[in-house]
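Please look over the sequence and the model shown here before reading on.

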Amino acid sequence: MATRNGAQGDGDGKAVIAACERLLGAGAVLGPERIAERATSYWDPAPMQGAALVRPRSTEELGAVLRLCHDAGQTVVVQGGLTGVVAGATAAADDVIISLERMNAIESVDELDGVAVIQAGAVLQTVQEALEAQGFLFPVDLGARGSCTIGGMVATNAGGINVLRYGMIRNLVLGLEVVLADGTVLSSMNQMLKNNAGYDLKQLFIGSEGTLGIVTRAVIKLAPLPTSRQTVMFAAGSFAAVSAMLKAMRSGLGGTLSAYEVMWHNYYRPVTAPGGHPPPLARDHAFYVLAEAEGVEPDADAARFERVLERGVADGHVADAVLPKSEAEREALWRVREVFEPVLPAYLYDVSLPIKSMAKYVERVEAALAEWRPDAEALVFGHIADGNLHIFTRPHDDGRHQAASDRIVYGALEGLGGSVSAEHGIGIEKKAWLDRTRSAEEIALMRRLKALLDPAGILNPGKVID
């Protein structure tokens, strides 16, 4: 057969699937009818497509499956928790889907070095809770924690709410095991912080979105579990005040600031409208910040946190604030930021740019939307401290305005030194905009790497680059 990337096979995908069934045993391979019982993604409830969904139990089984697919020219799409927003794991009807849901163990935790070996199919929240019981923090945290998997996070170089303190997942991966397109197992399960012996090959696969190889195991650097946590949601009258408080918290909290989430009024008001979340603060402010610090000295940490907030009030940067008195109240604050179903459907964007340019960028987007049509709007929020903004645009109208919305949101980045993707990758939906962020030379090298590691073009075809 000829695949979408031009790979030539033996013309019999059914033979490949039958061989996978013999290799893996009963229940490991699901057919199209069973696949259709699953949703395409968190964002797309349409029935999932695929020629088969294959669920290996080990790296060796996955290697054997990929050898079969490679020899037959059978295209393969690997899927994790399906919470990505760029259609990076969407399969076509003739693709074999690989799910590592059966490879979900925390294999080991080294308490002295503070590292864990985790299989790719493990769900983030399950990992967080298991490590917390052993006194460790898994530093990367996402709103999709209940569904996203470790392999998917590595494949997309996930960020989330704690990037300003701990970095992207790239900063935490010490070693990887990856299966290449031809079934070769590349095991680089380094557990050392320092290892400068030649090229750091694992970096090729972090953020590659399943186009260069399939991650099966990862060595992750952990952090000590904090014993104190301070949280506040405060309102501010200007972006200058938001920026001033970020600087004050960074310098005044002794390095314990772990999250600094900002919501523009155009996001906060609709998510706290009747039928949405109860508003923690009055709905007439320009900006809302959800900040959190984590440390190991409860009394001293709390005192520092209060001093910084008091100075912010005195300087006029904090217009109003609420501090949760219980874990339930803290979770209610975070739901305002993380649970945005009240404003859907909408187009979701994930861009990055210098903090100093954010206010100008949002003004550009709003002006362009208003020029496009009078009922258009942008709802803006984001991690901000790491340069990341998320934007919802409406109207959505079943996706009929995607192209117009894309031109406005990505076009407004012109001259600001930004990126069309901060943390969600390129997938299919941002592929046409990749050259706005990467040079022609960079894209050419990406294509050469793809051709070298996946010469038959079977891995996640059509994603990131052609």
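This is a predicted model: local features need pLDDT of at least 70, side-chain atom pairs count only at pLDDT 80 or more; totals for chains, interfaces and linings use all residues.

Residues are numbered from 1 along each chain as its sequence is written, and side-chain values use heavy atoms, with hydrogens and water left out. The chain holds 14 helices and 18 strands, where helices (H or I, at least four residues) and strands (E, at least two) are DSSP runs numbered from the N terminus.

**The chain as a whole**

- The radius of gyration of the chain is 23 Å, which agrees with the value near 23 Å that a compact globule of 466 residues would have; this radius is taken over C-alpha atoms, and the globule rule is 2.2 Å times the number of residues to the power 0.38.
- Taken along the principal axes, the box filled by the C-alpha atoms is roughly 70 × 55 × 45 Å.
- Of the 466 residues, 51% count as buried, a term that means under 20% relative accessible area, with exposed meaning over 50% and partly exposed in between (1.4 Å probe, protein chains only).
- Among the contacts in the chain with a separation of 6 or more, 72% are between residues 24 or more positions apart, contact being defined as heavy atoms within 4.5 Å.
- The accessible surface of the chain is about 20000 Å², and 52% of this surface belongs to carbon and sulfur atoms; such areas come from the Shrake-Rupley method with a 1.4 Å probe, and for residues only the protein chains shown count as cover.
- There are 43 positive and 57 negative side chains, and the centres of the two sets lie 3 Å apart; Lys and Arg count as positive and Asp and Glu as negative, while His and the chain ends are not counted, and the place of a charge is taken as NZ of Lys, CZ of Arg, CG of Asp or CD of Glu.

**Strands and their pairing**

- An open sheet of 4 strands has the order β1-β2-β4-β3 with mixed pairing, where two strands pair if DSSP finds at least two bridges between them.
- The edge strands of this sheet are β1 (29–30) and β3 (76–79), each of which pairs on one side only.
- Strand β3 runs parallel to β4 (residues 96–99) and is joined to β4 by 4 bridges; Gln79 has Ser99 in β4 as its bridge partner.
- Strands β5 (residues 106–110) and β6 (residues 115–119) run antiparallel and are joined by 4 bridges, with Val117 in β6 as the bridge partner of Ser108.
- The two strands β5 and β6 form a hairpin with 4 residues between them, and Gly114 in the turn has a positive phi of about 70°.

- Most residues other than glycine have a negative phi, and most peptide bonds are trans.
- Ala87, which is not a glycine, has a positive phi of about 60°; Ala87 is found in the loop between β3 and β4 and counts as partly exposed because its relative accessibility is 22%.
- Glu209 also has a positive phi of about 60° without being a glycine; Glu209 lies in the loop between α7 (202–205) and β10 (214–221) and is buried, with a relative accessible area of 8%.
- The peptide bond from Leu344 to Pro345 is cis, with omega near 5°, and Pro345 lies in the loop between α11 (327–338) and β16 (347–352).
- The peptide bond from Arg394 to Pro395 is cis, with omega near 10°, and Pro395 lies in the loop between β18 and α13.

**Loop residues and their surroundings**

- His401 is placed in the loop between β18 (388–394) and α13 (402–411), and counts as buried because its relative accessible area is 13%.
- Apart from neighbours within four places in sequence, His401 is in contact with Tyr347, Trp372, Arg373, Pro395 and His396.
- Phe138 lies in the loop between β7 (136–137) and α5 (150–156), and its relative accessibility of 2% makes Phe138 buried.
- Leaving out residues up to four places away in sequence, Phe138 touches several residues, including Ile118, Leu124, Met153 and Ile220.
- Met189 is in the loop between β9 (185–188) and α7, and at 19% relative accessibility Met189 counts as buried.
- Residues touched by Met189, again not counting those up to four places away in sequence, include Val117, Gly175, Arg217 and Val219.
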